[in-house]
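Subject: Handover of a structure for your review

Dear colleague,

Please find the structure below, passed to you for your further work.

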Amino acid sequence: MDEPLLDEAKQYAAESGRTLTAVIEDALREALARRKQTVKRRKVRLPTFPGGRLQPGADLDDTSALLDLMEGRDAND
């Protein structure tokens, strides 16, 4: 185990009045519980549309122009 991490865990155990083993077990339980929560998430399906290309004049780096294009406004207005 990484020495600085072990030292920090020992210090935390002493400050909290617990054993090093109890601190490590709790940390492992938390890490595994977070992993289980991540695994239980549903897949998200995003809608796609035919065409596969950008609309003429669309510049993904220019949000103002994209908004104009989506709202049917001429960017030069």
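In helix α1, the residues L6, A9 and A13 are buried (buried means under 20% relative accessible area, exposed over 50%, and partly exposed in between, with a 1.4 Å probe and protein chains only). Seen down the axis of α1, these buried residues fall within an arc of 60°, so they line one face of the helix; the arc is that of the directions from the helix axis to the C-beta atoms. On the other side of α1, P4, E8, A14 and E15 are exposed. Helix α1 has 14 residues and reaches 20 Å from its first C-alpha to its last, close to the 20 Å expected at 1.5 Å a residue (the expected span is 1.5 Å times one less than the number of residues). G17 follows α1 and has a positive phi, near 70°.

Please note that this is a predicted model, in which local features need pLDDT of at least 70, side-chain atom pairs count only at pLDDT 80 or more, and totals for chains, interfaces and linings use all residues. Residues are numbered from 1 along each chain as its sequence is written, and side-chain values use heavy atoms, with hydrogens and water left out.

Confidence and overall composition

The mean pLDDT of the chain is 84, and 88% of its residues reach 70 or more; pLDDT is the predictor's confidence in each residue, from 0 to 100. Among the elements of the chain, α1 has the highest mean pLDDT (95), and helix α3 (residues 63–70) the lowest (84). The chain contains three helices and zero strands, where helices (H or I, at least four residues) and strands (E, at least two) are DSSP runs, numbered from the N terminus. Of the 77 residues in the chain, 8% are buried. The accessible surface of the chain comes to about 7,500 Å², and 53% of this belongs to carbon and sulfur atoms (areas come from the Shrake-Rupley method with a 1.4 Å probe; for residues, only the protein chains shown count as cover).

Salt bridges

A search of the whole structure finds two salt bridges, each defined as a side-chain nitrogen of Lys or Arg within 4 Å of a carboxyl oxygen of Asp or Glu. In one, D26 pairs with R18, and the closest N and O atoms are 2.0 Å apart. In the other, R29 pairs with D26, with the closest N and O atoms 3.1 Å apart. Both R29 and D26 lie in helix α2 (residues 20–39), three residues apart, about one turn of the helix. Salt bridges that share partners join R18, D26 and R29 into one network.

Nonpolar surface patch

M1, L5 and I24 form a nonpolar patch on the surface, with about 310 Å² of accessible area together. Patches are made of residues with over 30% relative accessible area and no salt bridge; like charges are joined within 9 Å, and nonpolar side chains (Val, Leu, Ile, Met, Phe, Trp, Tyr) within 5 Å. L5 lies in helix α1 (residues 3–16) and is partly exposed, at 48% relative accessibility.

Yours sincerely
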